[in-house]
Amino acid sequence: MQKTFVVIPRNCTGCRTCELACSMIKGTEGVFARSRINIYKVGDERYMQMTCLQCVEAACVKVCPTEALVRNELTGAIEVDEERCVGCGLCEPACPFGHMHFELNEGVPVKCDLCGGDPTCVKFCPHGALEMK
Amino acid sequence: MYIYIDGKKISAKDGESILEVANRNEIYIPTLCHHEALDDVGACRVCMVEITHKDWGGWRNLVTACLYPVEEGLVISTSSEAVRRSRGTTLDLLMARCPTSDVIRWMAEENGEISVRYEQIDDGSKCIMCSLCVRACERMGCNAIGTVGRGHDKKIAPPFFENPENCIGCGACAAICPTGHIEVNDTRTTREIWDKKFNFVACEGCGEPVLTEEYRDYAIANRDLPADYYTTCSACKKKKLASHFDKVGS
Ligand code: SF4
Ligand code: FES
């Protein structure tokens, strides 16, 4: 059965270990801003974990001129096929939730791909606030 | 059908190019002008391979792997002496044309010794005339740039070398260029490319650049999404959604 990425905001302490784990494993050398999961403070001691929702009808997929964003049927994640991407960058502003990240000098977007079904952030979260169910 | 690449028997489909079959089987053939999503034009010549066939009476030929269609029993060598020599000459010529390009240098080193047989002209241009930028622009439906002039003076440029009317400042040409030849100058509020100046749409929340105004208009006209998707930067979108989720949850 395909698993779903679940966030449990009530358990999140805002420690940002997930961001660090993501930016390390995804080769962005620990730069928090390039992590594919981000923590937002939403109130006193209240945090929200934000990452790609892997939308069923995804805006990013819709605007891509070369079908470079493809759903992995095993994991359910939308993945970037870097070989097919021409670097137009439209998927970033098209995502209504802000989960695509494109830099012209990188040439291809980065987004959460659920690490192939076994997300690193989930493994590193010390407070049980991220789960694959 | 079956073909042979470097002595390995490999199954292939009618209509596939040698490069497609090689890529699918993780056999490396260097390329500069090939892109998975664009039509091949055979411009760079670094994908050269040697082919022969048992029925050809010993005849062999060098062909571009990206364009050559497979046929039953084709025997391909990706790194024979003839291939290396041909690739070496191609890379040599490319290095003479743009000595400052790192990509070309790496490829030449990988192919073997770098010989400098041709006079290097360092006019600051890194363009190898692969036309990836033109094909990417075409794919966007803009056709803002093309090849201008002929023969030795052929260049990639907007029509009449004037700032391109159809350019929307998306930057795909610069992103796809293998040598980094195309210049883009961004400030917080403007982008300059092909001598054309664009204003960025400023994020409603924080003022950070989202995309050029022309690109926004193009997206609204050509992609079926609401216009207000393009008014806010990713960070502000996330922030807004986070507090929305928080409200819904509590
Ligand atoms: S500018 Fe870059 S992408 Fe365009 S033809 Fe030249 S090398 Fe290729
Ligand atoms: S990749 Fe075949 S000629 Fe350039």
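This is a predicted model: local features need pLDDT of at least 70, side-chain atom pairs count only at pLDDT 80 or more; totals for chains, interfaces and linings use all residues.
Local features are given at pLDDT of at least 70 and side-chain atom pairs at pLDDT 80 or more, while totals for chains, interfaces and linings use all residues. Residues are numbered from 1 along each chain as its sequence is written, chains are lettered from A in the order in which they are written, and side-chain values use heavy atoms, without hydrogens and water.

**View 1. The interface of chain A and chain B.** Chain A gives 31 residues to the contact and chain B gives 33 residues (contact: heavy atoms within 4.5 Å). About 2800 Å² is buried between the two chains, 66% of it on carbon and sulfur atoms (buried area: the accessible area, 1.4 Å probe, that two parts lose on being put together, summed over both).

**View 2. The salt bridge between the chains.** One salt bridge is counted between chain A and chain B (a side-chain nitrogen of Lys or Arg within 4 Å of a carboxyl oxygen of Asp or Glu). The side chains of A:Arg46 and B:Asp246 form a salt bridge with an N to O distance of 2.7 Å. Among the elements of chain A that give two or more residues to the side touching chain B are strand 2 (37-43) and strand 3 (46-51) (strands: DSSP runs of E, at least two residues, numbered from the N terminus).

View 3. A:Ile39 has A:Gln49 of strand 3 as its bridge partner. Two residues lie between the strands, and A:Glu45 takes a positive phi near 55 degrees.

Conventions: Helices (H or I, at least four residues) and strands (E, at least two) are DSSP runs, numbered from the N terminus. Two strands pair if DSSP finds at least two bridges between them.
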